[in-house]
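Please keep the sequence and the 3D view at hand while reading.

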Amino acid sequence: MVELSRNQDYEIGGGTTRVVVLVGSLIEQAEMLLERGIHPIRIAEGYEMASRIDVENLERIANKFEFGETILEPLIQTCMTILSAKIVNRCMRSLAKIAVKVVLAVADPGRKDVNLDLIKVEGKVGGKLEDTELVYGIIVDKDMSHPQMP
C-alpha cells in the first residue's frame with residue numbers, strides 16, 4: 001500500500017488517499033472471495049477483466065479536447081479541478097496556469113510523456129502564495145558573502 005501510494009503521488013501528484021481506499025476495498029472483497037474457496041488466480045483474473053472493462057468504459061465516456069500552446073483553457077480548467085482538492089483556493093487560477101505551462105515546457109508530445117524530474121518546485125520562507133512565479137532555466141540562490149559583491 002505504501003509503495004502504491006508513493007507511485008500514485010510520483011506519477012499523478014495526488015489522489016493517494018483515493019487509491020489507498022480503493023485498493024483497501026478490493027483487498028477486502030478478495031478476502032471474502034478467498035473465504036468462499038475461490039482460488040487467488042481466479043480472483044486476480046477477475047480483477048484484470050474488470051480493469052479492461054473499466055478502461056473501455058472510460059474511453060467511451062471520456063471528453064476529448066484539443067489543446068496546444070495557444071489553447072490552454074481546457075488544461076487550466078482541469079488543473080483547477082485538481083487543485084480544488086488541495087488547500088489552494090485564493091490563487092487557484094494563477095497556480096493552474098503556472099502548472100500547465102511548466103508541464104507543457106517539459107512534455108514530450110511525440111511520446112505522450114512528461115519527465116517530472118525536470119520540474120523543481122522551490123519554496124521560499126516569508127512570501128505569499130500570490131508571489132509564486134514560473135522561472136524557465138535555473139535560479140542561483142546566493143546570499144551576499146561580501147559587501148562589494150554584486
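The points below are grouped by topic and describe a predicted model.

**Nonpolar core**
- The largest nonpolar core has 12 residues in all, including Leu-72, Ile-76, Met-80, Val-88, Leu-95 and Val-100.
- At least two residues of this core come from each of helix H4 (73-83) and helix H5 (92-106).
- H4 gives the most to the core, with five residues.
- Leaving aside residues up to four places away in sequence, Ile-76 touches Arg-93, Ala-96, Lys-97 and Val-100.

- The structure holds six salt bridges.
- In one of them, Arg-93 pairs with Glu-73, and the closest N and O atoms are 2.6 Å apart.
- This pair links distant parts of the chain, with Arg-93 in helix H5 and Glu-73 in helix H4, 20 residues apart.
- Arg-93 counts as partly exposed at 33% relative accessibility, and Glu-73 counts as partly exposed at 35%.

**Other salt bridges**
- Glu-122 forms a salt bridge with Lys-120, the closest N and O atoms lying 3.6 Å apart.
- Glu-122 is exposed at 52% relative accessible area, and Lys-120 is exposed at 67%.
- Within the Arg-111 and Asp-108 salt bridge, the closest N and O atoms are 3.9 Å apart.
- Arg-111 is exposed, with a relative accessible area of 60%, whereas Asp-108 is partly exposed at 30%.

**Surface patch**
- Met-1, Leu-4, Val-20 and Ile-27 form a nonpolar surface patch with about 320 Å² of accessible area together.
- Val-20 lies in helix H2 (residues 16-35) and is partly exposed, with a relative accessible area of 31%.

Notes:
Residues are numbered from 1 along each chain as its sequence is written. This is a predicted model: local features need pLDDT of at least 70, side-chain atom pairs count only at pLDDT 80 or more; totals for chains, interfaces and linings use all residues. Side-chain values use heavy atoms; hydrogens and water are left out. Patches are made of residues with over 30% relative accessible area and no salt bridge: like charges are joined within 9 Å, nonpolar side chains (Val, Leu, Ile, Met, Phe, Trp, Tyr) within 5 Å. Accessible areas come from the Shrake-Rupley method with a 1.4 Å probe; for residues, only the protein chains shown count as cover. A salt bridge is a side-chain nitrogen of Lys or Arg within 4 Å of a carboxyl oxygen of Asp or Glu. Helices (H or I, at least four residues) and strands (E, at least two) are DSSP runs, numbered from the N terminus. Buried means under 20% relative accessible area, exposed over 50%, partly exposed in between (1.4 Å probe, protein chains only). A nonpolar core is a set of buried Ala, Val, Leu, Ile, Met, Phe, Trp, Tyr and Cys residues joined through side-chain atoms within 4.5 Å. Contact means heavy atoms within 4.5 Å.
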